[in-house]
Amino acid sequence: MNHFSYSGGVLHAEAVDLDALAEKVGTPFYCYSTATLERHYRVFADSFPKGTLVAFSVKANGNIAVLKTLGRLGAGADVVSGGELKKALHAGIPGERIVFSGVGKSRAEMKLALDARIYQFNVESEPELEALSEVASATGATAPITIRVNPDVDAGTHAKITTGTAETKFGVPWSRARSAYALAAKLKGIQIVGIDVHIGSQIVDLQPFETAFGKVVELAARLRADGHTIARLDLGGGLGVPYIQNNEPPPDPSAYGKMATRVTQALGCQLILEPGRLIAANAGILVTRVLYIKQGERKTFAIVDAGMNDLIRPALYDSHHEIVRINEPSPDAARQRYDVVGPVCETSDIFAADRELPQLKSGDLVAILTAGAYGAVMSSAYNARPPAPEVLVKGELWSVVRPRTDDDALLGSERIPDWLAG
Ligand SMILES: *Cc1c(COP(=O)(O)O)cnc(C)c1O
């Protein structure tokens, strides 16, 4: 369910006409719907028992206005860097609702997180545990930790977003979980509070989750028997969203919530969830204008003004994104196959291959759907292209929440060494 729909022949974001918005903001731009963000958060949070911490995964969409929208509903934040921690705090999400994940936390980032009194560190290796112990005990602080364990469960998702198999860099290997906890219990400045697991992203089947959670529950019992305090289970994120409109929809959050609750209930632990994509993906679109229709030898190319520097998912993950016209095509509009491509000088700068769409012409606006997660956050200035700005809509209101960078930012951010000056 999202709040992008046609009204009077024009695609709207809530009550905002996207054709008119494109005139004002210029293309390309990201557009997020407050109502969709709020709905997705509420549906997800309501699927879990009271007292569950839903920590939005900031890496999916780190725009401060988006974080503030969710934070006001009670969301926490799952951060994977000091920068994300600063953004979450700046958005008003209190440290007590922030968890810190990631395999490569630096000592400076650990210090920042200790100073912010975050809820927990999800520690991913024994050396990280030792570093955290040193940083915490140097200032007399105590770091609440879980250890992220790698359950070696294949989530059946794309290789580049699989994290829960033994070949990936994530988590402590299952066979060393107990010894890692034994180490943690001996270290100064470390307080064990629970277990963490996250097996991947865009997972459309409940079974791998259930298998992983089941293993975690068994481990929790064993760790309790070893004398550790296991009061929290952080079950990570990863629930998939529909990218392909006519495909079978992924499991809905309430089925996921029921399953997670059923499997873990007996332990009496607080649950922590880290959804990212599920909250943000379908709350955002990328609006872009067709520059040229180019006739190739065998294909027709619709060249749009957004590029892989704005949205890299199709190039990186072969992901499918629906593409629709902003001006509603009539039901009997002629259709044609296009490769929808960007201006970046890379063959992989392609949003859709051989996609049948209502006929397009130069100047038409199109929306690339399901772009609110892992979209703007992964944008770059490759080809010296300013990344697309971001707009947040709420009812009839809209606001540019990240402006397009100008030439001052483009040229002024680099420096000429003395020997080239003049
Ligand atoms: C990426 C990530 C998430 C969010 O994953 P989604 O698929 O966007 O829900 C949650 N937790 C951790 C540790 C992650 O790395």
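Which residues make up domain 1 and domain 2 of the protein chain? In this predicted model, the domain assignment gives residues 4-31 plus 281-412 to domain 1, and 102-273 to domain 2. If you take the centres of domain 1 and domain 2 over their C-alpha atoms, they sit 35 Å apart.

Let's look at where the two domains meet. Twelve residues of domain 1 are in contact with nine residues of domain 2. The size of an interface is often given as the accessible area lost when the parts come together. Here, domain 1 and domain 2 bury about 910 Å² between them, and 54% of that is on carbon and sulfur atoms. On the domain 1 side, Tyr 317, His 320 and Glu 322 supply 45% of the area buried against domain 2, more than any other three residues.

What about polar links across this interface? Two residue pairs are in polar contact there, but the count of salt bridges between domain 1 and domain 2 is zero. Sorted by class, the side of domain 1 that touches domain 2 has five nonpolar, four polar and three charged residues.

Now for the ligand. There are 14 residues around it, and Lys 59, Ser 201, Glu 274, Arg 277 and Tyr 374 come nearest. That shell has two nonpolar, seven polar and five charged residues. Glu 274 places a polar side-chain atom 2.6 Å from a nitrogen atom of the ligand. On its own the ligand has 390 Å² of accessible area, and the protein covers 94% of that.

Conventions:
Residues numbered from 1 in each chain as written. Predicted model: local features only at pLDDT ≥ 70, side-chain atom pairs only at ≥ 80, totals over all residues. Heavy atoms only, no water. Near = heavy atom within 4 Å. Polar contact = N/O pair within 3.5 Å; in protein donor to acceptor, adjacent residues only side chain to side chain. Areas by Shrake-Rupley, 256 points an atom, 1.4 Å probe, with all protein chains shown as cover. Nonpolar A, V, L, I, M, F, W, Y, C, P; charged D, E, K, R; others polar. Domains from an automatic or database assignment. Contact = heavy atoms within 4.5 Å. Buried area = accessible area lost by both parts, 1.4 Å probe. Salt bridge = Lys/Arg side-chain N within 4 Å of Asp/Glu carboxyl O.
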